[in-house]
Amino acid sequence: LYLDHFLNRHFVSNTDNKSINPFIQFINDYKISKREWEIIEEICEGMTNKEISEKLFISLQTVKDHCYKIYKKTGVRNRVELVNLVLSNKSD
């Protein structure tokens, strides 16, 4: 069930070949890893680093390290810019 939800949420179905999923395009454009994308999703949900670390069962420092890498890859300076970038990519 989770795998089906994940695939439907993150990948283009065969019937939707008209356009590529904007999130896949975002991941490809910025070379975002699976774990980085999980963290981006939680940031977009408004979670703090501590909440993300507890939910994903990773250390707070690991979350901070991933955030740093995400910011570098995307060229943003903070969470607000990251969320705006993700949302602007969705509406393209």
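Modeller: In this predicted model, a residue counts as buried when its relative accessible area is under 20%.

Biologist: How many of the eleven residues of α3 are buried?

Modeller: Helix α3 spans residues 34-44, and its buried residues include Trp 37, Ile 39, Ile 40 and Ile 43, together with the charged Glu 36, Glu 38, Glu 41 and Glu 42. The helix is therefore largely enclosed by the rest of the structure, the number of its buried residues being eight.

Biologist: Is Glu 36 buried or exposed?

Modeller: Glu 36 touches Lys 31, His 66, Lys 69, Ile 70 and Lys 73, leaving aside residues up to four places away in sequence. Its relative accessible area is 3%, and because the cut-off is under 20%, Glu 36 is classed as buried.

Biologist: Which backbone nitrogen does the side chain of Glu 36 reach?

Modeller: Glu 36 lies in helix α3, which covers residues 34-44. At 2.9 Å, its side chain reaches the backbone nitrogen of Ser 33.

Biologist: Is α3 parallel or oblique to α4?

Modeller: The axes of α3 and α4, the latter covering residues 49-56, come within 10 Å and cross at roughly 130 degrees. Since angles over 145 count as roughly antiparallel and those from 65 to 115 as roughly perpendicular, α3 is oblique to α4.

Biologist: How many residues of the contact of α3 with α4 are charged?

Modeller: From α3 the contact draws on Arg 35, Glu 38, Ile 39, Glu 42 and Ile 43, and from α4 on Ile 52, Lys 55 and Leu 56. Four of these residues are nonpolar and none is polar, while the number that are charged is four.

Methods. Residues numbered from 1 in each chain as written. Predicted model: local features only at pLDDT ≥ 70, side-chain atom pairs only at ≥ 80, totals over all residues. Heavy atoms only, no water. Helix = DSSP H or I, 4+ residues; strand = E, 2+ residues; numbered from the N terminus. Buried < 20%, exposed > 50% of the residue type's maximum accessible area, 1.4 Å probe, protein only. Polar contact = N/O pair within 3.5 Å; in protein donor to acceptor, adjacent residues only side chain to side chain. Contact = heavy atoms within 4.5 Å. Axes fitted to C-alpha atoms, helices over the stretch in contact; angles between N-to-C directions. Parallel < 35°, antiparallel > 145°, perpendicular 65-115°, else oblique.
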